[in-house]
Amino acid sequence: MNLDALKALLHARLGLCFEGHGEARLRRAIGERMAALALDGDGAYLARLGGDESELLALASLLTIKETYFYREAQHLRLLTEHLLPRLLRDRAPGVPVRILCAGCATGEEPYSIAIALRERWGDAAARLFRIDACDLDPQAIAQAREGCYRPYALRILDQPRLARWFVPGPHGLQQIAEPLRQGVAFRPMNLLADPYPEDLRGQDVIFYRNLSIYFDAATRAVVLRRLRALLRPGAYLIVGVTETLANGLGLLQLCEHEGVWYFANRSEGVPPARDLNPRNLGMIVPARPRPAGESSVQALVPPLPSTLPTPQPTPDPSPEPLYRRALALAQAERFAAARAVLAPVCAPPDSPARYHALHAHLLLEQGDLAGAATAAQRVLTLDPWSVDALVVRGRVARAQGGLDEAVDYLRRAIYARPDHWPAHFELAECRGATGNLEAARREYRIVLRLLDERRGAADQAGPLPSALPVADLRYLCRARLARLAHPA
Ligand SMILES: C[S@@+](CC[C@H](N)C(=O)[O-])C[C@H]1O[C@@H](n2cnc3c(N)ncnc32)[C@H](O)[C@@H]1O
């Protein structure tokens with residue numbers, strides 16, 4: 001089957017790219033659709049696809065990755081309720097709701113998490129203070145979101161009190177989001193590539209655009225970012241996934257940080273004009289991954305993503321090392337839930353090595369489970385008190401919880417054990433900066449840059465675990481921080 005014309009169509013209409021492993025997924029999805037339509041020639045299918053929007057969406061539904069869960073990247077919810085919304089409410093005319101849009105909301109876990117966080121912070125008043133809209137390309141996902149019924153897997157990081165408060169038993173043993181929350185989110189199918197966006201979506205105060213840009217190529221990301229920006233009010237905010245943040249102050253939106261959490265603001269002041277067509281200078285969100293071909297061996301280890309993500313099953317191979325390596329590869333590909341599922345049997349035996357548990361701690365941290373990550377890392381430290389990976393996880397958890405002195409202790413121990421561990425130096429620099437020890441912060445940022453220069457061309461990570469930030473972003477951040485420390489505002 002010659003896929004070129006199909007790929008071009010999918011790229012132009014949906015922004016999706018299917019090179020490398022993606023091509024196998026595309027072939028499977030087309031096969032499935034052609035069988036469903038009883039078509040046997042790809043020419044016939046292409047003709048159908050070009051003229052039939054609903055077929056395009058049916059194919060897209062098989063191709064898009066809808067991995068999501070409640071309270072994913074919970075630091076963004078805290079940023080929203082503790083920092084951004086209080087400001088927006090303060091400046092708002094009485095009776096005018098603050099507007100929040102989830103772009104690429106999949107099956108609804110993200111907007112409902114926002115709705116929960118708003119209710120927990122503002123009580124019933126949230127219903128009149130805020131308006132939440134949510135959209136996704138996939139009409140089936142939107143239909144599911146409207147139903148608001150979830151399997152335990154989607155709820156896995158919610159604690160019991162939150163579950164009991166915001167969910168009711170639904171059909172087929174599922175948990176259904178409580179009625180006032182369900183009524184409080186307006187879902188609609190919408191293709192972020194389709195022109196024009198509905199008028200009534202203009203005037204957003206906050207847009208969540210998380211874990212979606214990673215599937216677009218650079219040109220598409222630039223287009224979508226410009227369009228989303230047109231929906232934002234002046235002074236409004238855009239929040240992207242933790243692995244998508246472009247560490248770049250140039251461009252369309254201004255990169256901001258609050259307590260280690262990154263976001264963008266739609267402010268023109270202080271944002272120099274884009275200098276050229278380099279995507280970074282367009283204020284685009286450059287994905288942490290996938291990395292350029294050849295830059296890491298992850299692609300060879302990670303099979304193509306299925307169009308829907310079933311609960312991953314451990315492979316039948318009972319020996320732990322291949323499973324551990326597979327879990328590592330999944331972690332590098334940001335498939336944290338899948339990595340945890342693969343890793344679980346490996347960590348079960350009481351004598352399993354510390355590094356398996358270090359990976360487990362890292363995965364919990366990436367999924368926003370700070371308490372779980374701290375416990376898992378502590379277990380590693382009882383097995384190996386100088387596990388750099390566990391010390392860094394403990395440092396990152398402590399920093400995220402505001403325990404900066406504690407974080408410094410862990411990170412210094414990590415650096416004592418591995419003086420060239422640049423992620424530990426970077427974390428330490430951030431802690432030093434936050435505690436006002438600017439000279440020490442400067443010193444640490446310079447160390448990171450030197451270490452990265454020394455290892456140019458080497459792997460994109462300091463040890464077995466994936467880095468929280470890709471090297472290019474880390475370099476940029478260090479330079480930006482040093483510039484800011486040289487000329488504090
Ligand atoms: C991985 S999910 C992210 C869900 C959620 N934002 C989160 O962070 O958990 C990506 C979603 O983007 C949607 N998507 C992909 N291409 C899109 C497009 N062109 N327009 C709108 N949504 C799109 C997919 O259908 C999928 O539901």
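Modeller: Happy to! Helix 17 covers residues 388-400, and at 1.5 Å a residue its 13 residues should span 18 Å; the C-alpha atoms at its ends are 18 Å apart, so expectation and model agree. Please keep in mind that this is a predicted model. Is helix 17 enclosed or open? Of its 13 residues, 13 are buried, so the rest of the structure largely encloses helix 17. After the helix comes G402, with a positive phi near 85°.

Helix 18 (residues 404-417) and helix 19 (residues 422-434) have axes that come within 9 Å and cross at roughly 150°. An angle over 145 degrees counts as roughly antiparallel, and therefore helix 18 and helix 19 are described that way relative to each other. The crossing of these two helices, helix 18 and helix 19, is left-handed.

Now let us turn to the loops, with a bit of background. Most residues other than glycine have a negative phi. Y71 has a positive phi, near 60°, and is not a glycine. You will find Y71 in the loop between helix 4 (53-63) and helix 5 (75-90). Burial here asks for 20 or more other C-beta atoms within 10 Å; Y71 has 22 such neighbours, so it counts as buried.

A106 is another residue to look at: its phi is positive, about 55°, although A106 is not a glycine. Its place is the loop between strand 1 (98-103) and helix 6 (109-122). With 25 other C-beta atoms within 10 Å, A106 is buried.

A106 also leads us to the ligand. The ligand is surrounded by 24 residues, and A106 is listed among the closest, together with T68, G104, L137 and N211. Sorted by class, the shell around the ligand holds 10 nonpolar, 7 polar and 7 charged residues.

One more loop is worth a visit, the one between strand 3 (149-150) and helix 9 (160-166), where L158 sits. L158 is buried, because 21 other C-beta atoms lie within 10 Å.

Note on methods
Residues numbered from 1 in each chain as written. Predicted model: local features only at pLDDT ≥ 70, side-chain atom pairs only at ≥ 80, totals over all residues. Helix = DSSP H or I, 4+ residues; strand = E, 2+ residues; numbered from the N terminus. Expected span 1.5 Å × (residues − 1). Buried ≥ 20, exposed ≤ 12 C-beta atoms within 10 Å, placed from the backbone. Near = placed C-beta within 6 Å. Nonpolar A, V, L, I, M, F, W, Y, C, P; charged D, E, K, R; others polar. Axes fitted to C-alpha atoms, helices over the stretch in contact; angles between N-to-C directions. Parallel < 35°, antiparallel > 145°, perpendicular 65-115°, else oblique. Left-handed = near helix turned anticlockwise from the far one by under 90°.
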